[in-house]
Amino acid sequence: MKNIVIIGAGTGGTIMANHLNKELNKNDWRITIIDKRKEHYYQPGFLFLPFDQYKPEDVVKPIQEFIPQGVDFVNVAASRISPNDHQVILANGNALLYDILIIATGTEIAPDEIEGMKSDAWGKSIFTFYTFEGAKALRDKLRDWNGGKMVVHITEMPIKCPVAPLEFAFLADSYFKDKKMRDKVEITYVTPLSGAFTKPKATATLEYLLQEKNIHIEPDFAIESVDNENNTINDYGGRSIPFDILVTVPTNKGRDVIEVSGLGDDLNFVPTDKGTLQSKKHPDIFVIGDATNVPTSKAGSVVHFEAEILTENILNFIKGKEMTEQFDGHANCFIETGGGKALLIDFNYDHEPVTGTFPIAGIGPLRLLKESRFNHFGKLAFRWVYWHMLLKARPIPFVTAKMNEAGKDF
Amino acid sequence: MDKLIAGKTISVTEEGFLTEYSQWDKSIADAIAAENDVTLTPRHWEVIEYIQNEYKNDVPLSIRKIGKSGVVDIKEFYQLFPVAPLKTATKIAGIPKPVSCI
């Protein structure tokens with residue numbers, strides 16, 4: 001009997017457990033998935049919590065509901081990986097031996113990285129919607145806020161879902177308009193990037209939307225500290241931006257277990273082959289999703305696409321064959337733009353997001369890089385798809401792991 | 001696209017990053033620096049050489065990494081390249097725009 005161990009029962013780990021459970025012969029392979037939590041969060045929903053568009057119960061379900069029968073769920077934290085002994089040491093002192101290890105530990109926020117960020121004002125005037133608790137605290141604050149300066153801020157790249165802070169700014173604009181108080185709120189979008197997004201064509205579209213919604217942008221801002229006496233964020237270049245509410249995306253880092261195991265880079269992300277998703281150092285370790293250092297977005301769609309490639313590669317690896325499937329960096333993201341509309345972008349390592357139709361070339365029904373109501377319904381419908389199809393590794397019609405070049409206006 | 005830099009025809013991206021590192025030389029660095037209102041001092045060159053070495057070794061660059069490099073801290077990096085330092089410094093160094101901007 002051989003062992004596949006998966007660390008992390010988030011999006012990537014859960015999809016892999018479902019794929020491998022279908023593909024592997026149970027007489028030969030035991031599949032174990034480790035996670036210290038009991039809850040599975042639908043993380044794209046955190047964006048809607050602060051604006052009372054989703055309720056907390058909409059975005060959380062028990063982890064166990066999505067782990068297939070035939071896969072062992074170990075509800076204990078993994079405290080260390082020992083690649084030389086091929087084992088994972090658990091917080092309860094037990095060790096699990098593996099023949100193949102899949103690291104799916106994701107990323108977490110690290111507000112301590114910036115001086116003054118995790119201060120007494122955390123949860124009072126400094127917020128993040130990148131956690132369930134953070135999103136709820138922000139919702140409570142916004143419910144009876146009288147207005148002032150709202151600063152939406154990215155600390156440093158890379159971050160999970162790089163478009164989420166932009167969406168937050170757009171939705172905030174809508175929210176305050178609906179509450180008839182938009183004139184009392186000044187929204188500023190502060191980013192370490194040189195523009196609204198990283199890729200030129202999407203940046204042009206998104207900056208136009210910022211302008212249209214009267215959201216001021218402060219690009220190239222590398223934060224040095226939060227000044228809690230004057231309520232400002234200050235950057236290394238000497239710029240200072242005042243806020244009444246700071247909605248920040250703190251530094252994103254890989255988990256401590258990666259660091260203590262000596263498997264990570266300077267942000268605890270695991271150096272990973274961007275095509276095969278195999279660890280660059282240890283052939284029996286594979287990495288999926290936010291935990292990798294591959295140069296594409298950290299996003300649920302990426303994990304979903306990676307899982308199909310990784311499953312094929314692991315099956316070949318087991319047979320001692322060459323791993324022929326290559327991940328192309330495919331990402332597919334809805335961008336809420338407020339007022340019941342959304343954009344859709346579809347891109348990979350080589351192609352930036354452009355206009356066009358998706359998923360069927362020339363037909364759609366979704367339009368790329370253009371605002372539409374239909375895209376917004378797509379985003380809302382996606383929650384159902386996530387819980388019922390994506391996590392269970394059921395194929396989503398017309399949506400392929402590798403990006404389709406047809407239907408795009410390159 | 002092609003651009004005339006320091007009297008030579010150089011292949012660059014829309015944003016002005018060199019696409020062929022082999023076309024880079026010090027006169028090109030000086031010209032790109034001047035375009036970005038930077039005058040290169042020996043301190044700048046230490047940083048540029050560090051960045052080029054990291055690139056040659058396939059190490060992804062970020063402001064954080066440069067701050068921990070021991071070559072320069074973030075504060076000084078900003079003094080040397082006041083506007084968008086990572087972008088400006090990599091452009092002058094003739095290497096592609098850092099992929100940390102995903």
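In this predicted model, A:Ala331 stands opposite A:Phe347, a residue of strand β22 of chain A. The pairing behind this is that of strand β21 (residues 331–338) with strand β22 (residues 341–347), which run antiparallel over 7 bridges. The two strands form a hairpin with 2 residues between them. In that turn, A:Gly339 has a positive phi of about 60°. Strand β21 of chain A is mostly covered, as 8 of its 8 residues are buried; a residue counts as buried when 20 or more other C-beta atoms lie within 10 Å of its own.

The domain assignment places residues 331–390 of chain A in domain 3. Domain 2 covers 110–252, and domain 1 is made up of the segments 2–48, 60–108 and 253–318. Taken over C-alpha atoms, the centres of domain 1 and domain 2 of chain A are 31 Å apart. Their contact takes 11 residues from domain 1 and 16 residues from domain 2. On the domain 1 side, the touching residues divide into 5 nonpolar, 2 polar and 4 charged.

The next topic is the nonpolar core. The largest one has 139 residues, and the members that touch the most others are A:Ile6, A:Met16, A:Ile102, A:Phe129, A:Val247 and A:Ile288. What does A:Val247 touch, leaving out residues up to four places away in sequence? Its partners include A:Phe127, A:Thr128 and A:Phe129, together with A:Leu138 and A:Phe168. A:Met150, A:Val151, A:Val152 and A:His153 are also among the residues that A:Val247 touches.

Chain B itself has 5 helices and 2 strands. The C-alpha trace of chain B spans about 35 × 25 × 20 Å along its principal axes. Why does the radius of gyration of chain B agree with that of a compact globule? A compact globule of 102 residues would have a value near 13 Å, and chain B has 13 Å, so the two agree. Of the 102 residues of chain B, 31% count as buried. Among contacts in chain B between residues at least 6 apart in sequence, 52% join residues at least 24 apart.

Terms used
Residues are numbered from 1 along each chain as its sequence is written. Chains are lettered from A and ligands numbered from 1 in the order in which they are written. This is a predicted model: local features need pLDDT of at least 70, side-chain atom pairs count only at pLDDT 80 or more; totals for chains, interfaces and linings use all residues. A residue is buried if 20 or more other C-beta atoms lie within 10 Å of its own, exposed if 12 or fewer, and partly exposed in between; C-beta atoms are placed from the backbone. Helices (H or I, at least four residues) and strands (E, at least two) are DSSP runs, numbered from the N terminus. Two strands pair if DSSP finds at least two bridges between them. Domain bounds come from an automatic or database domain assignment. Two residues are in contact if their C-beta atoms, placed from the backbone, lie within 7 Å. Ala, Val, Leu, Ile, Met, Phe, Trp, Tyr, Cys and Pro count as nonpolar, Asp, Glu, Lys and Arg as charged, and the others, Gly among them, as polar. A nonpolar core is a set of buried Ala, Val, Leu, Ile, Met, Phe, Trp, Tyr and Cys residues joined through C-beta atoms within 7 Å. The radius of gyration is taken over C-alpha atoms; the globule rule is 2.2 Å times the number of residues to the power 0.38.
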